[in-house]
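Reader: I would like a close look at a single part of this model. Please keep it brisk.

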Amino acid sequence: MTTRALDPVQRRAIRRRQLNRAGVYALAILIALWILLPIWLIGTMAFSTRSDVYGFPKQMAPIPFTTDTMQFFINQPGILDGTRNSIVVAVLTLALSTLIAAPAGYAISRYVFVGRDAFRLSILAVRAFPIVILAVPLAVTFIEWGMFDKVYSVALMHTALTLPTTILVVSSVFASVPREFEEAAKVFGCNAYQAFMRVVLPLVLPGIAASAIFTFVMSWNEVFAATLLTIRNRTLPALILYQLNKSSLQFQYAGGFFMLVPSLIFIFFIRRYLFNMWGQITK
Amino acid sequence: MKRFRLNLAPYLLILPSFIYLAVFFAWPMVRSLQLAFVRDSPILPVLSEPEDKADVVGHLEMQVDVAVVDRVKRDEVLPNGRTRPVYWFKIASETEDGDLVEGWVHQKNLFIKSRTESDTARVVSGEGAKEWTLDYVKRMVNDYRFREALQTTLLLIVLILPIQFVLAIIMALVLQSQLRGNSLFLYIYAIPLGISDLAAGLVWVTIFTQRGYLNTFLQQLGLIDQPYIFLSAQNRHWMIVAIVLAEVWRATSIVMVIVVSGLQAIPREYLEAGELFGASLWQRLRHITLPLLKPSLQVALILRTILAFQVFAVVVAITGGRVLTVLAYETYRWYDPGDSGFNNPNMAAAYAGFIMLISLAFAVFYLRTVRTQEEAARE
């Protein structure tokens, strides 16, 4: 046994380290439970029978398991349309936002030009601006332009919301690819376009994909502007918010769970890029 | 010598985003100010005498109901030389500020069922448009829900932010200690980043509702005999608790991510040196980590405060928007053309402008405070 060779001081130090380690683990698990337990509880409700949803005391797991409550929610009038609208809006937002932001992000990370800092700073300022402020005048403007209550107008609004974040993230992704790679490609006979397509693009694609996914999630979740901009073509969160006061518990629980499922999936894919995304903003 | 050459490429690359933000960000901002400070709908001048040229004694907005106090019949000459009988009505009404307006208006400006008999009417037309006005701002400030909304919003910020920052720093330190399964913990801690405020509100409804999980736990612990109604109009403080928990649950992840990014930028040597000189965990945290983390915390603080002024869907989900109100909900309520709203974009813009102003004020305040501390430390 190696421990026999340790003197008491060392042994105490090691034990203290192990204790600390155990304490940190306990803390880590406690925080994880704090986040997961509420999700588990609403999930339980979403897959419980009608009588269990209204019953008391509540059960800790969906036994008997049923999809009735979820089906009840999905079959409510407008939910499928709302889901489709939400997906269309989120995909449009993702596409628009990425297409417009990618060149700007590249410019910020690769070129030194007059006005670069001003542009960066204004992007940061725009990023911090509240959507609540933007939504009211945009809704009024869209009415004047005849674009009110359209799915694409919500996407235009969401793009204005996500564009600054996407620009910053994309520029940090480009900045992580050393300029020398591009130069080396040019040395070996690529022109600027080929160097970008063959060397830079494959390296930045995962990061840009992560940012696109995050854009999708932001748009999928956004409720205030979507509520203001639409009446008949509501997105899913706008629809749920609008019906909240007149809806049943089944509707609320299943709806809440339905809305948070994408987050469980998408955050898993982009978790490694989160610090790329937000590290940028603190610089 | 390097010749200066203006490279157009970067400008072309940022042009699309520049144009987009000009159209969908800068223009709406201008429009917002217009809405809040320019009157666009006509108003009806109320006259001292039943004549076109009489003095104006007050103004009434469109669609206001008025009481008809008196009426006179006049003959009006038409352009073709004939005359027709018209009525002038002496009307009385209150303006939105509660002032009494009494005076004469022409029949063309009113909707009235019977010119000879009805004793009420409604203002339907007026004159003028587009003038600077502080009416909307005044009306907002005088609205009894404004103070309530402001107080509740500030209360929520004061309660939520400290809890959030302590929790976020703890979460970040846990992630930084590189436990086995770190990647799993990171995933779990980051999940709320993707959860909408509406969904988070509904999640906490399952817990705080009358037949919910909190009552289940309390009953199983033997603390209560029957379910307690947490979310009722009499229990505003419990609603606040539920909103605070939901917001801490949902929005701490973003602070955590910013703090982790900040921690990663701190050189390991600093902490190792601290440990070498016998500093305890708390001392290292207090004297090394936190001071170096200040820029990150500042960014997170500004971001979170601005977002906290927009708290909306969580409040609606938990309170239904009726018992407690916040600034963003008032904005929505004034704008909403539906049955619960007032369909008044001008008032909504005034609220939105107020939220912007107060957010900016806080951001400037944070930046100033931190800078003065730094300057003080230097001296």
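How many residues does the contact take from chain B, and how many from chain A? Please set the answer against the build of chain B.

Author: A caution to begin with: this is a predicted model. The contact takes 79 residues from chain B. Chain A gives 72 residues to the contact. On the side of chain B that touches chain A, the largest share comes from helix H1 of chain B, residues 9-37. That share is 15 residues. By class, this side of chain B has 57 nonpolar residues. Another 19 are polar, and three are charged.

Now the chain behind that surface. Chain B has 12 helices and nine strands. Its radius of gyration is 30 Å. The globule rule gives 21 Å for 379 residues, and 30 Å is well over that, so chain B is more spread out than a compact globule.

Next, the domains. Chain B is divided into domain 1, residues 44-131, and domain 2, residues 140-378. The C-alpha centres of domain 1 of chain B and domain 2 of chain B lie 52 Å apart.

Last, packing and contacts inside the chain. Of the 379 residues of chain B, 36% count as buried. Take the contacts in chain B between residues at least 6 apart in sequence. Of these, 62% join residues at least 24 apart.

Technical notes. Residues numbered from 1 in each chain as written. Chains lettered and ligands numbered in written order. Predicted model: local features only at pLDDT ≥ 70, side-chain atom pairs only at ≥ 80, totals over all residues. Helix = DSSP H or I, 4+ residues; strand = E, 2+ residues; numbered from the N terminus. Rg over C-alpha atoms; globule rule 2.2 N^0.38 Å. Buried ≥ 20, exposed ≤ 12 C-beta atoms within 10 Å, placed from the backbone. Contact = placed C-beta atoms within 7 Å. Nonpolar A, V, L, I, M, F, W, Y, C, P; charged D, E, K, R; others polar. Domains from an automatic or database assignment.
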